[in-house]
Amino acid sequence: MEIPYVVQPRQDTGLYNAKVGIWLFLASEVMLFGALFSSYIILRIGAAPGEWPVGLLNVWIGMGNTLVLITSSITVVLAWASLKMNNFAKFKVYQGFTILLAMTFVVIKSFEYTDKFTHYEVVLQDNTIYDGHLKERTPTHVVIHGHKVEHGRHAEGEAHGSKTPHTDIRIERAQIKKMENYGPWHNTYLAIYFTLTALHALHVIGGAVVIGYLWGPGSKLWKTDPERFTNRIEISGLFWHFVDLVWIFLFPVLYLL
Amino acid sequence: MSDHHAHDAHDFQHHVRRYLFVFWALIVGTIITVGAWYVKLDSMALTVAIALLIASVKAFLVAGYFMHLISEKKMIYGILAATAFFFAGMMYLIVWGRDQVPQGTIHLGSRDTFQTPGSPSKAAH
Amino acid sequence: MQPTTTHSHTHGAHEAHHEPGFWQKYVFSTDHKVIGIQYGVTALFFLLFGFLLMAMMRWQITYPQKPIPVVGSLLNAVLGDVAAGGIMSPDLYNAFGAMHGTIMVFLAIVPLAFAAFGNFVVPLQIGAVDMAFPRINMVSYQAYAIGGVIMLVSFFIPGGAAQAGWTSYSPLASWIPGHGQTFWIIGMVFLITSSLLGAVNFIATIIQLRAPGMTWMRMPFFVWAQFVTAFLLLLAFPPLEAAAIMQLMDKVAHTSFFLPTGLAVSGGELANISGGGSPLLWQHLFWFLGHPEVYVLILPAMGIVCEIIANNTRKPIWGYKSLVYSVLAIGFLSFIVWAHHMYLTGMGTKISTFFQTTTMIISIPSVIILSCLLISLWGGSIRFNTPMLFALAFLPMFGIGGLTGLPLGLNYSDIHLHDTYYVIAHFHYVVAPGTIFALLAGIYFWYPKATGRFMSEFWGKVHFWLSLIFMNAVFQPMFAQGMQGMLRRMSDGAANYSLAKVGTDAIGGLTDAIMKSNITISHAAWALGLAQIPFIINFFWSLRHGKKVTSDNPWEATTLDWQTPTPPPHGNFVAQPQVHRGPYEYSVPGQPKDFTPQNT
């Protein structure tokens, strides 16, 4: 028993099975991210005037990651084209770059995450607010590198080049009413930022694992069934482009607007 | 049929040139997006419009050329058309639904509107 | 099919002749028929389990604060204080209520209707050797099984299972202590994954693996119904997955996606959260799945009924094309009606009007389908066997369920009926005597193909008549209860609510007749449970002792699923079937027999 159209396209649809499968899967992914983007819009227009933080993220890092993903997209498509041109060595090189770029993306993203998790907002008993990165934490006091927040400028971030100079500020524990880092719990913007980017990062990692498998042990198939192998590269590539596509919208929505 | 079936190397050189063009277009698009943000336009609406317009163009390029949607089969178009319909319906109706919520209810979520005392609901008794 | 030349392939073909071992054959099988049966048996188990939860809840509704006989002490021993003295506490009632809904919808009916019947029947009916992605098919079942186990385990964790209803509205769901809701969300993520993989597989199979000559308009209606159902699952489930992720974040990362600013919790204190979220958002995303899910429950049932009616009236289905276009129309419209579940949220009148309008429109294709099936009976020489009885009963039962839905779809009347027993009666008429009858019909119908033996006709008929009577005895009185205003989530069956009355017609009070109907309903429900015993025994007994089929096509059907050996081997068909005609060519003049199979 053999399932037809695994490699060769079916005549009336012009497609092989996996091509239909991946597009259906991507259709469901569109709805998944679509629901999260809808949530973003609802949360954003629901925020009280001035409450939605703008400029919390470093645009240049985000732009760098955008370029990384775009570059990985071109290497994926060139890797596939190399197979179509029967050049396996070139495929290995291009797809190797893809995997490196995927790893670069995840590493940069993890630096961004760390930056947010060490970034604190400290509210004192007298309602003074300090904002900055945690430098030292002892049982009696904390030291943050940051600045005092003037009333109403709460949501201003660092990316626009904050005018307030940053200094080391020592705060006694007893003075602190509330101390919270910029994790997803801090506000709904960070909640949707972490959820969207973490889900996207999971897609990046998942895609990189599949591409890595097809680059390493999975590439043996090239010798026995080159057409099928090329199809697999095409399928994994389609997924990868979709991941890139999501980021194309995530970047302006989360970093710029 | 589309030129997709030609597998010879010469044909693919042509494709590769197109892919590289798309790549540079994507890079330029990213730079323009950030540039528009950097000069800080007065109008927020314009900034949003530019950013989303460029993102849409980039998405079209990726989907159209890298994912070959520009020359894909009818069946795929059908699936994606249905998806687009449901996607648009979901987003539009949810946002519109939010827009129609009467003022002074907790659905609006903001601190200001919550503090506005609403009339106590009779249905609760 | 295609000749292969490589060494590894010929080697593989040689090995395929070996009989696979038990694990390979029944547990880690990639054969669509085995997976279908796995789904079916698991789903039937959950169907029974979900029923038992409800049977215990009915005791608490009827005799509040009295120990449950027989199982009360067992509950106390297994679950601890929530069932102290064998009495169901309100918390346990809430947990059972939430899990009854969850289990029945996501673990029983959908897997049975879509995955079990779809897996077993669809590839056979389109003349395919298997599903397009057999290994993904296996993973789909495994994800479902894991999701089911997580749901079951959640009963035994401290704090018990989820208590916020199967709809899990936030902020309530995010704020109930314990980890029941977390388990529920994680279980749902597995179930959603399972459904997505299944949906991708079904659509790809139907698009790609139809036998030569099996054009779209020659597909049996059941395949069409499954095709649309798969699209609903594919596109409606991801938003719920997104919502589940966000609710999980609310629960474990203390975000405020669905928690508004100024949320007051126990004792009027403000919750320690960042706020700014929207409870309405959860409801939108939930019902964006929730409503298409209703059609996921009903469309496969309609497909099964259509097959059985065509077969047992011995005449072509009336209006095949209307059926197909209607099911497609339902598929599209089902995505833009969801907020008719939300009229009471105060989301605004314009949007209520929009959803009320689309809701009225979607009833049109549903009525077309029901009418086609009804008209198909006209002039047929009907065989009243067990499958046909269940299929026939589906028509009025679904009719009642559908028509009673209209007042709920209309904004004004829904405000009165919302969250009452009227709603329970309405959707149970659709799903219980509706879908479940169709599924039972399907089991009696395809059992001979799967096993080579018939189920007992006599006990089948006993099962049918008892079920029909008790189903109606359970759900019919609930309409009256709901119209009087009995709310659906009260653990004491509205006893306290009813005491609040000051005069016979005071608002808030319930008449004694309405309160007493609780007793009738509960006894009917328990009797309904007993009426399933003949079915359960029949199901297992017939495996070995049922009447053997004398041909591969015992019902003399036209569709391809009956043109295979019995039971169908791995790979299904002896030779590649070639399709020459439409699906329901019964009693065609000039043909030698009263049925003409699609491949002749």
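The largest nonpolar core has 295 residues, among which C:I203, C:L234, C:V305, C:F390, C:F394 and C:A441 touch the most other members. Such a core is a set of buried Ala, Val, Leu, Ile, Met, Phe, Trp, Tyr and Cys residues joined through C-beta atoms within 7 Å. A residue is buried if 20 or more other C-beta atoms lie within 10 Å of its own, exposed if 12 or fewer, and partly exposed in between, with C-beta atoms placed from the backbone. Helix α5 (residues 90-125) of chain C contributes the largest share of this core, 24 residues. Because domain 1 (1-72) and domain 2 (73-119) of chain B both give residues to the core, it lies between them; these bounds come from an automatic or database domain assignment.

This is a predicted model, in which local features need pLDDT of at least 70 and side-chain atom pairs count only at pLDDT 80 or more, while totals for chains, interfaces and linings use all residues. Residues are numbered from 1 along each chain as its sequence is written, and chains are lettered from A and ligands numbered from 1 in the order in which they are written.

Chain C itself contains 20 helices and 2 strands. Both kinds of element are DSSP runs numbered from the N terminus, helices being H or I with at least four residues and strands E with at least two. The C-alpha atoms of chain C fill a box of roughly 75 × 55 × 50 Å along the principal axes. Its radius of gyration of 25 Å agrees with the value near 25 Å for a compact globule of 600 residues, the radius being taken over C-alpha atoms and the globule rule being 2.2 Å times the number of residues to the power 0.38. In chain C, 56% of the 600 residues count as buried. Of its contacts between residues at least 6 apart in sequence, 78% join residues at least 24 apart.

Chain B has 4 helices and 0 strands, and buried residues make up 29% of its 125 residues. Within α3(B), the buried residues include B:I76, B:F86, B:F87 and B:M90. The buried residues of this helix pack against α1 of chain A together with α9, α10 and α12 of chain C. The 26 residues of α3(B) should span 38 Å at 1.5 Å a residue, and the end C-alpha atoms are 37 Å apart, which agrees; the expected span is 1.5 Å times one less than the number of residues.

The interfaces of chain B complete the picture. Towards chain A, 42 residues of chain B are in contact with 40 residues of chain A. The side of chain B that touches chain A has 29 nonpolar, 8 polar and 5 charged residues. In this classification, Ala, Val, Leu, Ile, Met, Phe, Trp, Tyr, Cys and Pro count as nonpolar, Asp, Glu, Lys and Arg as charged, and the others, Gly among them, as polar. The contact between chains C and B takes 22 residues from chain C and 21 residues from chain B. On the chain C side, α10(C) gives the most, with 4 residues.

Key: Two residues are in contact if their C-beta atoms, placed from the backbone, lie within 7 Å.
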